[in-house]
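Here's a quick briefing on one protein model, for someone who likes cut-offs spelled out. Have a look at the structure first, then skim the points below.

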Amino acid sequence: MLAIESSSWNNDYAIPYPTCFHPLNQNGLSEWQEKLRRQKRDYLFSFAGAPRSDLNASLRGRIFEECQGSNNLCKLLECSYGEKGAITCNNPVNVMTVFENSVFCLQPPGDSYTRRSTFDAILAGCIPVFFHPGTAYAQYKWHLPDDFMRYSVFIPLEHVEEWRAGVVNQTLLQIPAEKVVAMREQVIRLIPRVIYADSRSESGPGFEDAFDLAVKGILERIERVRKDVREGKDPAIGFAEGDDFKYTFSKYVDKSKILNEDPPVSSVD
């Protein structure tokens, strides 16, 4: 099964949320990527999202507080329920304008672990900041690289009680400028992997997009099943078992380590 957010079952795979950008060919993609490399970014970080009724008891509530008290380091795009909020955030121009002018884009869990905002941020060349591994790291195995510290920042806050005043500001300001530039480049290079190209081109877009990677992943999984059959194994064993540790912190990050330390060099091409 393919879904925009996978469950804990092993036969359930996540694919990226569709964004507003569907380039017809490689030229359109390359022009967009070069635009983002030249983009001036006025805000250290930003957040686009709606508040919750339990705002003070949520990570999202803490983000609202920190953003509002950041001395213009943060840009907040409030997507409140109702006519005004819907108009603000349903218009991709408003969202992309904020993200294109931000160095980092905060991605706390909302109604579920994942957010379309993650892919809007990548499309804007904005480095995503995650607070839970279930938002991206445990999800998009075919589309995002394993060395997640090269393209994102992880602030491991499993519970709102762990939030320290100024934790986002302090974490992001401590990242060296040259590393920020390298991370942004990795994000920009990820764009073709998480977008859905315009299918009207007879010759194809000229690059592998999110659809291509999903098909490739499915075919590889089918081939593993066929291999088990050829070897006389039962392909049903473990095929649909649950992975209860898929969204736990311990599987992805050692919280005792210093976050954002340089990971091994690898490519996202």
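Of the contacts (heavy atoms within 4.5 Å) with a separation of 6 or more, 69% link residues 24 or more positions apart. Keep in mind that this is a predicted model, where local features need pLDDT of at least 70, side-chain atom pairs count only at pLDDT 80 or more, and totals for chains, interfaces and linings use all residues. Numbering runs from 1 along each chain as its sequence is written, and side-chain values use heavy atoms, with hydrogens and water left out.

**Overall picture**
- The protein has 8 helices and 7 strands, taken as DSSP runs numbered from the N terminus (helices are H or I with at least four residues, strands E with at least two).
- Of the 269 residues, 49% are buried, meaning under 20% relative accessible area, with over 50% called exposed and anything in between partly exposed (1.4 Å probe, protein chains only).

**Helix α5 and its cover**
- Just after α5, glycine 125 takes a positive phi of about 70°.

**How α4 sits on α5**
- The two helices, α4 and α5, pack at about 60° with axes 9 Å apart, the axes being lines fitted to C-alpha atoms over the stretch in contact and the angles running from 0 to 180 degrees between N-to-C directions.
- That angle makes α4 oblique to α5 (under 35 degrees is roughly parallel, over 145 roughly antiparallel, 65 to 115 roughly perpendicular, and the rest oblique).
- On the α4 side, Val95, Met96 and Phe99 meet Ser117, Asp120, Ala121 and Leu123 of α5.

**Tryptophan 163**
- This residue is in the loop between β7 (153-154) and α6 (167-173).
- Tryptophan 163 counts as buried because its relative accessibility is 12%.
- Beyond its neighbours within four places in sequence, tryptophan 163 is in contact with Leu59, Arg62, Ile63, Glu66, Phe131, Leu157 and Val168.
- Isoleucine 63 and tryptophan 163 are 100 residues apart in sequence, yet 9.6 Å apart in space, C-alpha to C-alpha.
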